[in-house]
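User: I am new to this structure and would like to go through it by question and answer. Please show it.

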Amino acid sequence: MKKIEAIIKPFKLDEVREALSEVGITGLTVTEVKGFGRQKGHTELYRGAEYVVDFLPKIKIEIVVTGDNVEPAIDAIVKAARTGKIGDGKIFVMPVEQVVRIRTGETNESAV
């Protein structure tokens with residue numbers, strides 16, 4: 001099993017959720033986060049004063065999938081989240097050692 005974390009632009013969330021649903025991913029966790037990479041933030045004007053916004057709003061999506069679903073999930077995220085502009089985000093894939101469903105006590109693949 002693998003955990004996939006994707007950092008995407010906030011306005012792409014619905015498209016990514018629909019794309020994951022189409023490839024059979026039924027559960028995910030979404031967190032509002034802030035960060036920057038090459039995009040490096042931007043300047044804004046507030047009440048006549050200019051200030052730098054270093055951390056930009058992003059969305060972090062977390063899903064846990066079995067081995068067969070890793071590549072389809074990644075492809076779905078990339079296709080749905082891509083705008084072609086800087087700041088589209090990143091995808092991280094990590095191994096998952098164990099999963100336990102709290103309600104039933106099921107473990108690993110049956111708990112996903």
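User: By about how much are arginine 17 and aspartate 14 separated in helix α1?

Analyst: This is a predicted model, in which local features need pLDDT of at least 70, side-chain atom pairs count only at pLDDT 80 or more, and totals for chains, interfaces and linings use all residues. Residues are numbered from 1 along each chain as its sequence is written, and side-chain values use heavy atoms, with hydrogens and water left out. Helices (H or I, at least four residues) and strands (E, at least two) are DSSP runs, numbered from the N terminus. Because arginine 17 and aspartate 14 are three residues apart in helix α1, their separation is about one helical turn.

User: What is the N to O distance where the side chains of arginine 17 and aspartate 14 meet?

Analyst: The two side chains form a salt bridge, that is, a side-chain nitrogen of Lys or Arg within 4 Å of a carboxyl oxygen of Asp or Glu. Arginine 17 is partly exposed at 40% relative accessible area, and aspartate 14 is partly exposed at 48%; the class lies between buried (under 20%) and exposed (over 50%), with a 1.4 Å probe and protein chains only. From N to O, the distance is 3.9 Å.

User: Is glutamate 5 buried or exposed?

Analyst: Glutamate 5 lies in strand β1, residues 2-8. Leaving aside neighbours within four places in sequence, its contacts (heavy atoms within 4.5 Å) include Lys60, Ile61 and Phe92. Its relative accessibility is 16%, so glutamate 5 counts as buried.

User: Which residues are linked with Glu5 in a network of salt bridges?

Analyst: The structure holds six salt bridges. Those of the network that includes Glu5 link it with Lys3 and Glu62.

User: How are the buried residues of α2 placed, seen down the axis of the helix?

Analyst: In α2, the buried residues are Val70, Ala73, Ile74, Ala76, Ile77, Ala80 and Ala81. Their arc, taken from the directions from the helix axis to the C-beta atoms, is within 160°, so they line one face of the helix.
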